[in-house]
Amino acid sequence: MKREKLIPIIILLVISLIQAKIMKGQDVQTNPKQPKVKFDLAGQITLGYATITLSPNFFLTFGGPSIKFGVNKVAINIGMFPSVKCNINYDKKLDKTPLAIFTGVGAQASYHHIVAGCVCYSVKNVWYAAPVVGYKF
């Protein structure tokens, strides 16, 4: 009686040992390679400068909805950038306040946490380009 009960257990042990040896010989890939190019969202804050209607203007630009193309640690963002315009020498006849909110369109390149690019703004149907530099989060 005891031998009849031990035979199935011994057979199961032999089969499991054979399976373990076969599985050990197979190359199981546990860490697949990450793609070098990735697409995701980005956030940054930049400061730009443009001369609009013969007066200097500074733009505090925030990373808005944009498409990010990245390769290794370099990325390019193309999209819309919400901005706050600060007019240093504003004319009360032309501007109501020295601060105004604009949405710029352009491209920005980033490396690690440094951002540089060009953002274009439309003020009274005239386009102005503002070079920007800043910090990427």
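## Basis of the description

A residue is called buried when its relative accessible area is under 20%, exposed when it is over 50%, and partly exposed in between, using a 1.4 Å probe and protein chains only. This is a predicted model, in which local features need pLDDT of at least 70 and side-chain atom pairs count only at pLDDT 80 or more, whereas totals for chains, interfaces and linings use all residues. Residues are numbered from 1 along each chain as its sequence is written, and side-chain values use heavy atoms, with hydrogens and water left out.

Ala50 lies in strand 2, residues 44-52; strands here are DSSP runs of E with at least two residues, and helices are runs of H or I with at least four, both numbered from the N terminus.

Leaving aside residues up to four places away in sequence, Ala50 touches Ser55, Pro56, Asn57, Phe59, Ala129 and Ala130, a contact being heavy atoms within 4.5 Å. The C-alpha atom of Ala50 is also separated by 7.6 Å from that of Pro131, although these residues are 81 apart along the chain.

Rings of Phe, Tyr and Trp (its six-membered ring) pair if their centres lie within 6.5 Å, and planes under 30 degrees apart count as stacked, over 60 as edge-to-face and the rest as tilted. The structure holds 3 aromatic pairs. In one of them the rings of Phe59 and Phe102 have centres 6.5 Å apart and planes at 75°, so this pair is edge-to-face. It links distant parts of the chain, with Phe59 in strand 3 (residues 55-62) and Phe102 in strand 6 (residues 99-111), 43 residues apart.

Phe59 is buried because its relative accessible area is 0%, and Phe102, at 17% relative accessibility, counts as buried as well. Phe59 also forms a stacked pair with Tyr121, at 4.0 Å centre to centre and 5° between the planes. Here too distant parts of the chain are linked, since Tyr121 belongs to strand 7 (residues 114-123) and lies 62 residues from Phe59.

Strand 4 (residues 66-71) and strand 5 (residues 74-87) run antiparallel and are joined by 6 bridges, where pairing of two strands requires at least two DSSP bridges between them. Ile67 has Ile78 in strand 5 as its bridge partner. The hairpin has 2 residues between the strands, and Asn72 takes a positive phi near 55°.
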